[in-house]
Amino acid sequence: MCGIFAYLNYNVNRERRYILEVLFNGLRRLEYRGYDSAGISIDSPSLFGHPNGSLPDSLPPLVFRKEGNIESLVKSVYEEVATTDLNLEEPFSVHAGIAHTRWATHGEPAPRNSHPQSSGSGNDFLVVHNGVVTNYQVLKETLVRHGFTFESETDTEVIPKLAKFVFDKANEEGDQTVTFSQVVLEVMRHLEGAYALIFKSRHYPNELIACKRGSPLLLGVKEFTEDASSGASFNDVKFLSKSGQPKELFLSSDAHALVEHTKKVLVIEDGEVVHLKDGCVSILKFDQGKGKDSSALARPASVQRALSILEMEVEQINKGKYEHYMQKEIHEQPESLTTTMRGRLIRGGSCKAETVLLGGLKDHLKTIRRSRRVVFIGCGTSYNAALASRPILEELSGIPVTMEIASDLLDRRGLIYREDTVVFVSQSGETADTLNALEYALENGALCVGITNTVGSAIARNTHCGVHINAGSEIGVASTKAYTSQIVVMTMLALAIGSDTISTQARREAITAGLFDLPRKVREVLELDQEMKDIAKLLIAEQSLLVFGRGYNYATALEGALKVKEVSLMHSEGILAGEMKHGPLALVDENLPIFVIATRDACFSQQESVIQQLHARKGRLIVMCSKGDAASVSVGGSCRVIEVPRVEDCLQPVVNIVPLQLLAYHLTVLRGHNVDQPRNLAKSVTTQ
């Protein structure tokens, strides 16, 4: 949700047009996060041509905001520029620009509610924000009493206005040395909620400040002359060198907008304030209590941090030969599954058994085996992946496994014990509800395990141990390859936990062999692409779809229905087949399409019975079965049958979900909806 991006060039001549395009392209890379409006801010002409932007009474920065997509913003900016004397070709050596894509939480999509939000008519302070300020009403009432007027309905607008209030008050009291970072730290002291912020101010030209609490934020560094200091850590005041070395600095909500510029990044931690000035970086640590009882603005100490290297290629964030990211990511699953298992699934020789090696968990396996229970916590697709993995974990470990939707656990303050192992599943590693549940579990003393697709994410950093699924970059809002990789990782987790039990050895060996063969089976099921497109054509005008599953494939029914509803905008409901006669059967008639998952496993005979009962009530059936079972499930040849390869029952959900992913994709394209950016949805849900 929301994407923030900033670009600061230092001692590198860049034309104004180039600056704009860098900002626009940064926003394009963040489109997948979900948004309904966008905006940017660059400096006014008066800032250009002055050494280090040191003009004290500069004109206000320019702000451009537009509802709709990024291309609407681009068009609007160039149309507005064409009516002014702003020279897009003018070069300058130092400049700081900020940009934002907004996913509406407070106030409708409209220019007045878009970011950057301003402190007032002079644009003294500008802010782009990802998150929610929970105490904004109290702050707003206070600022109104001090003469501020508000133009937007957002929670964000209180932030730049509070910054101006702090700045003006400090100057009224004669503190002429107030720094940008002191202003921001004082603002942070008054904010409650989750946020990632970037500040820009006419009072501090060519400076930017970034800070965060809860929401993700990264710094990228690109130097034009490599030297011995290029790998240095952040020291107490300056970053890299004081030599005026040419460089470009980037701030972004995630790595997708950075990788085309640089692979040198810093993952900004909660409570850190990153100050970009004169080509250098200072990192300060915010202390909520410091300065609270003092009239003077706080001056915190700086901290040291080290750069890391992104393990991502530009090719990963391009569509390649595919029309959409979702299509690409569905078809990448044989490769993503191989990558997920690489180095973790060890094939033994003639005398050595196949083994599972999860380096991030090896020091905690004994503790997990002693747990009174394992609790899976997730949201949406991640919850469904955990649900698909629950039976095999219970079977191999002998430990009770419970499921929790993160928001529901927090709403009812569900019981978490010190003897529990709590597994947090999240593709982004930044899901707000899951992070809050993690904080709750840590407070209760449980062992916390993270399963994410994002190295350096909040869940990866704050859990005791964990496993990265290594599915590769996933840009389509509807998760596909991350889901299948999550199931594989949690299956390997079950194998690792149960590896000390002799009675399950044969079962573990069969599953391990099935894992090795799984990418080939997924490649085989992808050949159903055209068949699923044909079925999508039959369903294009339908308003609803039911999906029945049970056992391992109850999760498949939930996930398949979720895919259909979130991208094709068709109502779809995943139903536990055992509950069919407890209400859902009333919906069945000759008009309602019903998808039944009936592949070979312990529940196959029950699913055959379900098919018979649905057929007796003239249901319009589409049945997924294992190869060779078409005659068994098709009652009198009356239903459409999809045959998929058979694998071990605990791995069957990985194979079975692929046709439903393809169905959702083709339905969406045929219905004319946006596949990669579904209406009202965001990839990374960073607000509650």
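User: What is the relative accessible area of D278?
Analyst: D278 comes out at 36%, so this residue is partly exposed. Buried means under 20% relative accessible area, exposed means over 50%, and partly exposed is in between (1.4 Å probe, protein chains only).

User: What should I know about the model itself?
Analyst: The model is predicted: local features need pLDDT of at least 70, side-chain atom pairs count only at pLDDT 80 or more, and totals for chains, interfaces and linings use all residues. Residues are numbered from 1 along each chain as its sequence is written, and side-chain values use heavy atoms, with hydrogens and water left out.

User: Back to D278. Where is D278 placed, and what is its phi?
Analyst: D278 sits in the loop between strand 12 and strand 13. Its phi is positive, about 55 degrees, although D278 is not a glycine. Helices (H or I, at least four residues) and strands (E, at least two) are DSSP runs, numbered from the N terminus.

User: What about omega between H115 and P116?
Analyst: About 5 degrees, a cis peptide bond. P116 is in the loop between strand 4 (91–102) and strand 5 (117–118). Most peptide bonds are trans.

User: Zoom out. How many helices and strands are in the chain?
Analyst: The chain has 19 helices and 26 strands. Of its 688 residues, 59% count as buried. Take contacts between residues at least 6 apart in sequence: 75% of them join residues at least 24 apart. Contact here means heavy atoms within 4.5 Å.

User: How do helix 9 and helix 13 pack?
Analyst: Helix 9 (residues 380–397) and helix 13 (residues 481–497) meet at an angle of about 20 degrees, with axes 9 Å apart. That makes helix 9 roughly parallel to helix 13. Axes are lines fitted to C-alpha atoms, for helices over the stretch in contact, and angles run from 0 to 180 degrees between N-to-C directions. Under 35 degrees counts as roughly parallel, over 145 as roughly antiparallel, 65 to 115 as roughly perpendicular, and the rest as oblique.

User: Which residues make that contact between helix 9 and helix 13?
Analyst: On helix 9, the residues include T381, S382, A385 and I392, and on helix 13 they include Y483, Q486, M490 and A494. The contact residues divide into 12 nonpolar, 7 polar and no charged.

User: Is Q486 buried or exposed?
Analyst: Q486 is buried, at 1% relative accessibility. Leaving out residues up to four places away in sequence, Q486 touches T381, S382, A385, V425, S426, Q427 and I469.

User: And helix 16 with helix 19: at what angle do the axes cross?
Analyst: Roughly 15 degrees, for helix 16 (residues 554–568) and helix 19 (residues 652–671), with axes coming within 9 Å. The two helices are therefore roughly parallel to each other. Their contact residues divide into 7 nonpolar, 5 polar and 3 charged. Among them are E559 and K563 in helix 16 and R671 in helix 19.

User: New topic. How much of helix 5 is buried?
Analyst: 10 of its 11 residues (180–190) are buried. Those include E186, M188 and R189. The buried residues pack against strand 6 (125–133), helix 4 (158–172), strand 7, strand 8 (208–213), strand 12 (272–277) and strand 13 (280–285).

User: What does Y195 touch?
Analyst: Not counting residues up to four places away in sequence, its contacts include M188, G131 and C211. Y195 lies in strand 7 (residues 193–201) and is buried at 0% relative accessible area. Y195 and G131 are 64 residues apart in sequence, but 4.3 Å apart C-alpha to C-alpha.

User: How many disulfides are there?
Analyst: The count is 0, taking a disulfide as a pair of cysteine sulfur atoms within 2.5 Å. C211 is buried at 0% relative accessible area, and C650 is buried at 1%.

Definitions and conventions. Nonpolar A, V, L, I, M, F, W, Y, C, P; charged D, E, K, R; others polar.
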